[in-house]
Amino acid sequence: MLDTLFANQFRRESSCLVVSPGRTELCGNHTDHNRGKVLAAAIDLAKTAAVAPRDDMRVEIITEGLPERVDLIIDDDKPREEEKGTSSALVRGVIAALRRKGFKAAGFSAFVRSGVALGSGLSSSASFEVLIAKIISRLFNNDTIDPLTMALAGQEAENRFFGKPCGLMDQIACSYGGIVSVDLEYPEKPIIESVDFSFYDHGYTLAVIHTGGSHADLTGDYAAVPQEMEAVARFFGKTACRQLSRNQLFEELSSLRKAVGDRAILRALHFFNENARVTEATEALKKGNMQEYLSIIRASAKSSRDLLQNIYSPSKPEEQNISMALALAEELLGNDGACRVHGGGFAGTIQAYVPNERFSFFRERMEHYQGKGSVTPILISSTGEC
């Protein structure tokens, strides 16, 4: 089908299909950008592209159902101000990062179908970045670009070219596949461990619930989280919270409050607690202890709400879609299951673990409140190829 759509758009045949999954964050909310630990997974919703190389340096990408069309010449590797915030910036940035690493790149055409919706909280942008890296690897480098290089290229594209500060969790999950526990103390050489676990086989359906609202005007809220954590680190002469200990915060609390403010300290405390929870959650999955894992996820949810404070935008306290969805989900789940803010927060999606036998009821009631199609059950994709 995609081959036919490609041929209809570009008047020639595609040469291959390339797939990049979306991702779900399991634990480690806003820890990756301060060199923390994260637990994440590739999922069964993916971006798939029919592609073919060109004989010049032009890149043209059409995504089914979206009006924006990427059409650019990759004649240099510098960020362009006029491209910031666009898909073109991500394409140029990924290719620039790969070329700097010594990989070959040239023009190509692609027709993309996405199962990872924009604003779904399943990292459409990282999935797209990894898709571009996989296309470059397949078409021009004999599939020799490794997953970590792809992930780092995606992060660079998002940070330097697109203009959005982000960590590395999303890109690693999309490029590696399965459940991965990642230690980013040294971001250029992260420690990545695969974890073999099925939530469904242990009695629970993992789902994301779209709560409404847009991420479009929330870049400032997202940026404030790493900036405030880093301000705490700088007080101690460091660059990231991972270089500090919880005890240091309390030893200098009075001076620290005057220097950086209370919210920054609370967010740093969330970082330390959440970092420890990632290790605990990973061990719980290894042991197959679902109830212990759910208890850790509930603690993570509380920390995001109380310390990290990414449940709603402080500039729009009247709009609390995430808070409302969490309240509804908790009402339906009772003492069995768990729910938490998913991903960046402030708007978008929550995540829920629902007993398999109650999922149909949970979905029906949540969609009654949130709208038809708002609840998406997801499965873990075993590989980055789906």
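**Exercise 1. Determine how helix α6 and helix α8 are arranged in this predicted model, and which residues join them.**

Solution. 
Step 1. Helix α6 covers residues 219-235 and helix α8 covers residues 253-260; their axes come within 10 Å and cross at roughly 130°.
Step 2. Angles over 145 degrees count as roughly antiparallel and 65 to 115 as roughly perpendicular, while the rest, apart from those under 35, are oblique. With its angle, α6 is therefore oblique to α8.
Step 3. The crossing of these two helices, α6 and α8, is right-handed.
Step 4. Sorted by class, the residues of the contact of α6 with α8 are 6 nonpolar, 1 polar and no charged.

**Exercise 2. Describe the crossing of helix α3 and helix α5, and classify the residues of their contact.**

Solution. 
Step 1. The axes of α3 (residues 124-140) and α5 (residues 169-176) come within 9 Å, and the angle at which they cross is roughly 50°.
Step 2. This angle makes α3 oblique to α5.
Step 3. The crossing of α3 and α5 is right-handed.
Step 4. Helix α3 contributes Ala-126, Ser-127, Glu-129, Val-130 and Lys-134 to the contact, and helix α5 contributes Asp-170, Gln-171, Cys-174 and Ser-175.
Step 5. The contact of α3 with α5 holds 3 nonpolar, 3 polar and 3 charged residues.

**Exercise 3. State which residues of helix α4 and helix α5 are in contact, and how the helices cross.**

Solution. 
Step 1. Helix α4 spans residues 147-162; its axis and that of α5 come within 8 Å and cross at roughly 145°.
Step 2. The crossing of α4 and α5 is right-handed.
Step 3. From α4, the contact includes Pro-147, Leu-148, Met-150, Ala-151, Gly-154, Gln-155 and Glu-158, and from α5 it includes Gln-171, Ile-172, Ser-175 and Tyr-176.
Step 4. The contact of α4 with α5 divides into 6 nonpolar, 4 polar and 1 charged residues.

**Exercise 4. Characterise the second largest pocket by its volume and its lining.**

Solution. 
Step 1. The second largest pocket holds about 240 Å³ of space.
Step 2. Its lining consists of 17 residues, and those nearest the centre are Gly-178, Ile-179, Asp-196, Phe-197 and Ile-380.
Step 3. The elements giving two or more residues to this lining are β7 (191-195) and β8 (204-210).
Step 4. By class, the lining of the second largest pocket comprises 10 nonpolar, 6 polar and 1 charged residues.

Terms used. Residues numbered from 1 in each chain as written. Predicted model: local features only at pLDDT ≥ 70, side-chain atom pairs only at ≥ 80, totals over all residues. Heavy atoms only, no water. Axes fitted to C-alpha atoms, helices over the stretch in contact; angles between N-to-C directions. Helix = DSSP H or I, 4+ residues; strand = E, 2+ residues; numbered from the N terminus. Left-handed = near helix turned anticlockwise from the far one by under 90°. Contact = heavy atoms within 4.5 Å. Nonpolar A, V, L, I, M, F, W, Y, C, P; charged D, E, K, R; others polar. 1 Å grid on protein atoms, 1.4 Å probe; cavity = no way out; pocket = protein on both sides within 12 Å on 5 of 7 lines; lining within 4 Å. Points joined across faces, edges and corners; volume = space filled by probe spheres on them.
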